[in-house]
Amino acid sequence: MPKTTKDKLFGHHYGTGLYMDNKLIARFKEFYTLETFQVAFYKAQANSATDEYYRRAFEKLVQIEQGHADYFANEIGNANEEVPSLTGSFFQLAGNLLGESVEPLGRHNTCKLGAALENEAIKKYRMFIKECKTKNYLIFKYTLMDYLLDEEFHTLWLKDYMNSHPG
Ligand SMILES: [Fe+2]
Ligand SMILES: [Fe+2]
């Protein structure tokens, strides 16, 4: 669907009658970035893990976070907008900050950092769900709740693993 001048100024028509404002699109881009960052973080852990169970756990996390990222990418596409480009410096940054520094941190601190990232995501999801209720974006609400629950489950696993592997 080609963009009209009105779309450019005020937002986008979305699906059947729902009006997708620019703030919502900005939110989808923000979540896409957040989720893609988590994918990069968990991938780095899975790739450097030596323990089989621990590696499987992080591969599962990658799968779930990739699903989240794909959902937001798809919605951005539905609005005829460009998915943020996060290659190059972004992945380098994620790799430098997380990948290389995490291995010396060990499993305990890796899980601690992972849980901290998850907590940030949880806060953001809760705010976004509230925003969707206020603005009547009901078709997004349940997906966001599903993803919030995924992040909450991830946090619990990471904290549990962290506590049973001190230091
Ligand atoms: Fe996620
Ligand atoms: Fe997560």
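A nonpolar core, as I use it, is a set of buried Ala, Val, Leu, Ile, Met, Phe, Trp, Tyr and Cys residues joined through C-beta atoms within 7 Å. Buried means 20 or more other C-beta atoms within 10 Å of a residue's own, exposed means 12 or fewer, and partly exposed is in between, with C-beta atoms placed from the backbone.

I'm working on a predicted model, where local features need pLDDT of at least 70, side-chain atom pairs count only at pLDDT 80 or more, and totals for chains, interfaces and linings use all residues. Residues are numbered from 1 along each chain as its sequence is written.

Core entry. I looked up the largest nonpolar core and got 24 residues, with Y42 and L144 having the most contacts inside it. Helices α2, α3, α4 (89-135) and α5 each give two or more residues, and α2 gives the most, with ten. Helices here are DSSP runs of H or I, at least four residues, numbered from the N terminus.

Y42 entry. Not counting residues up to four places away in sequence, I find Y42 touching F58, L61, V62 and E65; contact means C-beta atoms, placed from the backbone, within 7 Å.

A49 entry. I found A49 in the loop between α2 (22-48) and α3. Is A49 buried or partly exposed? It is partly exposed, because 18 other C-beta atoms lie within 10 Å. Leaving aside neighbours within four places in sequence, A49 contacts Y54, R55 and F58. I also checked G106: its C-alpha is 9.8 Å from that of A49, though the two are 57 residues apart along the chain.

Terms used
Chains are lettered from A and ligands numbered from 1 in the order in which they are written. Two residues are in contact if their C-beta atoms, placed from the backbone, lie within 7 Å.
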